[in-house]
Amino acid sequence: MEDVKVFSYKQMISSKKNKVIKLTGIMLLLLIATFILSMNLGVIRLSPWEVTKTFFGFGTHKQQLILFDFRLPRIVIAILIGAGLSVSGAIMQGISRNPLADPGILGINAGAGFAVVTFILFFTRVANQSIFLLPLVALVGGFTAAILIYTLSIKNGAVSPVRMILVGIGIGMLFNAFILLFQMKMQYHQFMSAAIWLAGSIYGSNWKFVLALLPWILILLPYALYKANILNVMNLGEQNATGLGVMIERERFLLSITAVALASACVSIGGGISFVGLVSPHLARRLVGPRHEYLIPVSAVIGSILLLVSDMFARQLLAPNEIPTGIVVAVIGAPYFLYLLARSDS
Amino acid sequence: MTVLSKINCEKKVTNRPVVAIVILIGGLIALLFALATSISLGAANIELNTVWSAVFRFNSELTHHQIIYELRIPRALVGALVGAGFAVAGSIMQGMTRNPLAGPDIMGINAGAGFAISIAFAFFPDMPYKYLMIFSFIGAAAGAFITYTIGSMAKGGLTPVRLALAGTAVGTLLGSLASGISIYFKTAQDVTYWFAGGVAGSKWLNVQGLLVWIVIGLGVGMILSRSITVLSLGEETAIGLGQNIVLVKTIGTIVVVILAGAGVSAAGPVAFVGLMIPHITRFLVGMDYRWIIPCSAVLGSLFLVSADILARMVNPPAETPIGVITALVGVPFFLYLARRDGRDM
């Protein structure tokens, strides 16, 4: 009897695993398809054949310039930011056990954005020369916001998720007020670049941006995956997690740092892109369930697709003019958020 | 509802007409002083007795008199009217919804009006002010409608957290649409200046337009005040006392939209006045909206006129956006509310 039970349980796990592998495969294929489509689209259209040819080094000089210097870095950036923000959101939802947590809503993005705007305003020359500093600057801002939110949410030694969200909204408004204050001091050109950056834009990206962002994603994403099991246990509630031998405060601290660092690094390059961190973990949870070892990679892929598609719309909708990608993401993401909110239980 | 919170409710039902009368009279006197200070302050410092003579013995030959008449007085008056509008809009909403975080800023009303105005800036740059106000009303109504409907669709109704979340999401959505439109039509800097909030550059035209709507809103609000007091005791109580709550809520919402929409059209979406002032007023005068509405109007005016004075004094000759000043005061207050009520939301 016992054997049968164990066997069926194992079978269940393995069939689940198969399903997840299949789904991940489909998602990856979708991502590749969007990737190719995104390379074809633009003010100057390249046919799929031309793209393939150029990709393998047989294109004209002009085609190579368009593909390698303009489109590809932008596409790679969109993929990285989409993945980073989604995983950050997945971790935040996991540790706060609140399905509506998101680095944008919690005010982390506003903190990072404030730091970057300050840096651009006061150290314009340094900021232009060394793009590699921006993620670090954003990190300082993101952490300041996170620490403020966390300490202000403590009451009687406990942090309630609800209070944390409200405090996050408040802190976000404060940082946005400061951003506004600095924007008022800017010259027209500074102002426009800051406005576009704040609206969330990934155009004008080049390989330098990719290089500035890539290390963060390459280190933090695998780390989050490595901690997936801890997140699973945390989902059982604090007491159960402690009972199972998880040092809850320490792990929560490490995971929070990971989430904030991911969000800040993405914001430093992509500006105020909100709702990706909220939407993709939700979609992923619907597809593969709540186990984080599946949830994290799938939501990363979904986030990449989401941002890549939004970016295509941003380029095509009013071509040859561009709208900031963050606006397209908000138009897709905010209604989904409101839908989730309308369905939520108290 | 637990016994404890019932006791709390009963404790909160207080009424202090004497305090209210003191606030009304003292507040109006303070407001007069604030207005006079606001008029005398600026790039050209003008003495108070010049202000006095400009008001009562106007002489169009004197530059100082002209500055006072054309620039300073409209600015001060618009500040006072807008402050009153936001504060009363906030107190009516908090009374009707019994939600401590209700207010034109949190509920997406300001964001809606702002979105409508940024459309107007992009497509009809020369729109006269009175039509701009209508635009702002429509946007305010739309923002309130979306936030309110979505927030109350969920099980358990419109809790403060849901309200804040729905308002933030609607605000982000409308805000990013507005910034997209303004970046595309190259009106971004104008729109941002306007979003930052401020009453600089107000004209007599704005005073006239505002005055009509704010007086209408305040008047209807006063007529409604008894019903709002009853409604603030709970919907069931109100129905039990024979009140037509649908009618009261509809008229109340229209008043809120008019007051907040008019305010936004003149000064931009200045946040936190409509959230903070009603709380302070209720704390001082008790639960009777016949007193809360006029007192919060006076205190709101006083607050906004003072904020505008501060906006000019922080970093002269540059002006600090008034929205930043109200946020610096308002965010700590918001955090206080979140910490106080955070657990039962």
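**Reading two helix pairs**

Author: Welcome! This is a predicted model, and H6(B) and H7(B) are oblique to each other.

Reader: What angle do helix H6 and helix H7 of chain B make, and how far apart are their axes?

Author: Helix H6 of chain B covers residues 129–153 and helix H7 of chain B covers residues 160–184. They pack at an angle of about 140 degrees, with axes 9 Å apart. Angles over 145 degrees would count as roughly antiparallel, so this pair is called oblique.

Reader: Which residues of H6(B) and H7(B) make the contact?

Author: H6(B) brings Gly143(B), Ile146(B), Thr147(B), Ile150(B) and Gly151(B). From H7(B) come Arg162(B), Leu163(B), Ala166(B), Gly167(B), Val170(B) and Leu174(B). By class, that makes 6 nonpolar, 4 polar and 1 charged residues. The crossing itself is right-handed.

Reader: Now for chain A: at what angle do H4(A) and H7(A) cross?

Author: Helix H4 (residues 108–122) and helix H7 (residues 161–184) of chain A cross at roughly 15 degrees, and their axes come within 9 Å. Angles under 35 degrees count as roughly parallel, and H4(A) and H7(A) are therefore described that way.

Reader: Is the crossing of H4(A) and H7(A) left-handed or right-handed?

Author: Left-handed: that is how H4(A) passes H7(A). The contact residues of H4(A) include Gly111(A), Phe114(A) and Leu121(A), and those of H7(A) include Phe175(A), Asn176(A) and Phe182(A).

Reader: How do the residues of that contact between H4(A) and H7(A) divide by class?

Author: There are 8 nonpolar and 5 polar residues, with no charged ones, in the contact of H4(A) with H7(A).

Definitions and conventions
Residues numbered from 1 in each chain as written. Chains lettered and ligands numbered in written order. Predicted model: local features only at pLDDT ≥ 70, side-chain atom pairs only at ≥ 80, totals over all residues. Axes fitted to C-alpha atoms, helices over the stretch in contact; angles between N-to-C directions. Helix = DSSP H or I, 4+ residues; strand = E, 2+ residues; numbered from the N terminus. Parallel < 35°, antiparallel > 145°, perpendicular 65-115°, else oblique. Left-handed = near helix turned anticlockwise from the far one by under 90°. Contact = placed C-beta atoms within 7 Å. Nonpolar A, V, L, I, M, F, W, Y, C, P; charged D, E, K, R; others polar.
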